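Colleague: Please take a close look at one part of this model for me, the surroundings of the ligand. After that, go on to the strands and loops elsewhere in the chain, in plain terms.

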Amino acid sequence: MDKILVHGGAPLKGSVRISGSKNSALPILAATLLTREPCVIQRVPDLSDIHYMLTILSELGAEVERASGTVQIKAEKVLTDAPYDIVRKMRASVCILGPLLGREKEATVSLPGGCVIGDRPIDLHLRGFEALGAAVRVQAGNVKVLAPELRGTTINMRGKFGSTVLGTDNIMMAAVLAEGTTVIDGAAEEPEVVDLANFLIKMGAKIEGAGTRRIIIEGVKELHGAEHTVIPDRIEAGTFLVAGAIAGEEVTLQKVNAAHLTSITEPLQKAGYHITTAADRLTIRPNGSRKPLELETEPFPGFPTDMQAQMCALLATGEGISVITEHVFPQRFMHLAELKRMGADIELEGATAIIKGVPQLSGAPVMASDLRASAALVLAGLQADGTTEINRVYHIDRGYESIDDKLNQIGANIERVKA
Ligand code: EPZ
């Protein structure tokens, strides 16, 4: 397994281009199953999670062609039983259930394994499918959904942790071909849900209210092919903003959508970092102070759980005492033990991290555990004294397109060691 060596202390300066959003591309690629006609998706990031999704689609019978960031997919005929060995590797593969149910009225997918950010249930997805008239059976580690016909209805998709992003996506993709009107109450409002809805509308779907808590879908007979460019990855952008905060002189992000980033830029500005916006560019500069923050992760438009680990790394080297509470995935703190190995002073009380800033972290061998925790360790390594060796770097490659190359382009000193 490859590892990454981050030699700390190099000041970051320059511009970096943000890739297309992983969490938007994944459901949009799944949505191409809803039509027999060809679809063209642009600005698809080159990530292992995307590779898994494209492999699943081709194993289901779709013709898949990829040329750099553009993917062409034609699902003229599809099987309805997804291959276990790939599905088990990626929780997001659950979002092929909705389009397969919508188009073929049946689908079988292996239950997503739990992963290191805690239990990953899909009860809300299944509740939504049943409300649309599907029978749901869980057997031998697979979930099978079957519906002689899908009828529009009103569904509340909120769970005890709030809204569900892929759950909202799944129900939307099943409902677009259902009989009649479906109202999704308690829908996720993430920009990635809006991006999926915009793609479905281009395919001929009738959807209103995406981006709000109430989405209304008028079922249609069939959908046609479409072209779509995926929105910028707001979590990659947030991660590079934190890189600019933790070790930057002046870092500019290109090709971002600033409107998707306010829940990240506002806390950074409150902590004392200077952020300016111009068209699709954002620039961050330190301003001398690194004030402590109190943050709580929430569904969009709140502070994103996918930025919690990265902010822990930043606040670990800030002034004073910061507090971050994780409401979405309460166990999502695998990064704390590794940050403490680098000298961070962080205590966990339930789902709340109490972070006492230290002047400098020290490089150490650390273990990547999940996608965003790994990114946090890279960020910590940028500021640390000495070298941080990050093992199991495949976690990072799942969600960041060449993060080491992009950081080295703006002055970092990172080596990737092929195992
Ligand atoms: C999406 O996962 C993202 N993944 C996650 O990003 C992100 O952390 C998450 O949304 C929250 O924003 C993709 O889009 C591919 P949820 P998703 O359903 O949809 C509970 C990353 O790092 N829940 O919104 O699977 C769940 O346990 C990844 O890029 C139920 O209880 O997450 C969690 O506590 C990690 N029952 C909360 O809801 C359900 O049926 C939010 O989960 C579904 C979810």
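Modeller: I will start with the ligand, then turn to the sheets, and end with the hairpins and loops.

This is a predicted model, in which local features need pLDDT of at least 70 and side-chain atom pairs count only at pLDDT 80 or more, while totals for chains, interfaces and linings use all residues. Residues are numbered from 1 along each chain as its sequence is written, and side-chain values use heavy atoms, with hydrogens and water left out.

There are 24 residues around the ligand, where a residue counts as near if one of its heavy atoms lies within 4 Å. Those that come nearest are Asp-123, Leu-124, Thr-164, Asp-306 and Val-328. By type, the shell divides into 11 nonpolar, 5 polar and 8 charged residues. Here Ala, Val, Leu, Ile, Met, Phe, Trp, Tyr, Cys and Pro count as nonpolar, Asp, Glu, Lys and Arg as charged, and the others, Gly among them, as polar.

Several helices contribute. Helices (H or I, at least four residues) and strands (E, at least two) are DSSP runs, numbered from the N terminus. Helix 1 (22–31), helix 5 (123–131), helix 6 (165–175) and helix 12 (371–383) each give at least two residues to the shell. The largest share, 3 residues, is that of helix 5. The ligand lies between domain 1 (2–19 + 232–418) and domain 2 (22–229), because both give residues to the shell around it. The domain bounds come from an automatic or database domain assignment.

Now the polar contacts, meaning pairs of N or O atoms within 3.5 Å; within protein, one atom must be able to donate a hydrogen and the other to accept it, and residues adjacent in sequence count only if both atoms are side-chain atoms. An N or O atom in the side chain of Lys-22 is 2.9 Å from an oxygen atom of the ligand. For Leu-124, a polar backbone atom is 2.7 Å from a ligand oxygen. Thr-164 has a polar side-chain atom that lies 2.7 Å from an oxygen atom of the ligand. Taken alone, the ligand exposes 820 Å², and the protein buries 92% of that. The areas come from the Shrake-Rupley method with a 1.4 Å probe; for residues, only the protein chains shown count as cover.

Next come the sheets. Strands of a sheet pair through backbone hydrogen bonds, either parallel or antiparallel. Two strands are taken to pair if DSSP finds at least two bridges between them.

Axes are lines fitted to C-alpha atoms, for helices over the stretch in contact, and angles run from 0 to 180 degrees between N-to-C directions. Lys-13 has Glu-250 of strand 14 as its bridge partner.

Another open sheet, also mixed, has 4 strands in the order 9-10-12-11. Strand 9 (154–156) and strand 11 (206–208) stand at its edges with a single partner strand each, so one side of each has no neighbour in the sheet. Here neighbouring strands are turned by 15° on average, direction ignored. Strand 9 pairs in the parallel sense with strand 10 (181–185) over 3 bridges, and Asn-156 stands opposite Asp-185.

Strand 20 (352–356) runs antiparallel to strand 18 (321–326), with 5 bridges. It also pairs in the antiparallel sense with strand 19 (345–349), over 5 bridges. Ala-353 in strand 20 is the bridge partner of Ile-324 and of Leu-348. The hairpin of strand 19 and strand 20 has 2 residues between the strands, and Gly-350 in this hairpin takes a positive phi near 65°.

Last, the loops. A cis peptide bond joins Phe-300 and Pro-301, with omega about 10°; Pro-301 lies in the loop between strand 17 (294–297) and helix 10 (308–315). Arg-43, not a glycine, has a positive phi near 65° and is found in the loop between strand 3 (38–42) and helix 2 (48–59).
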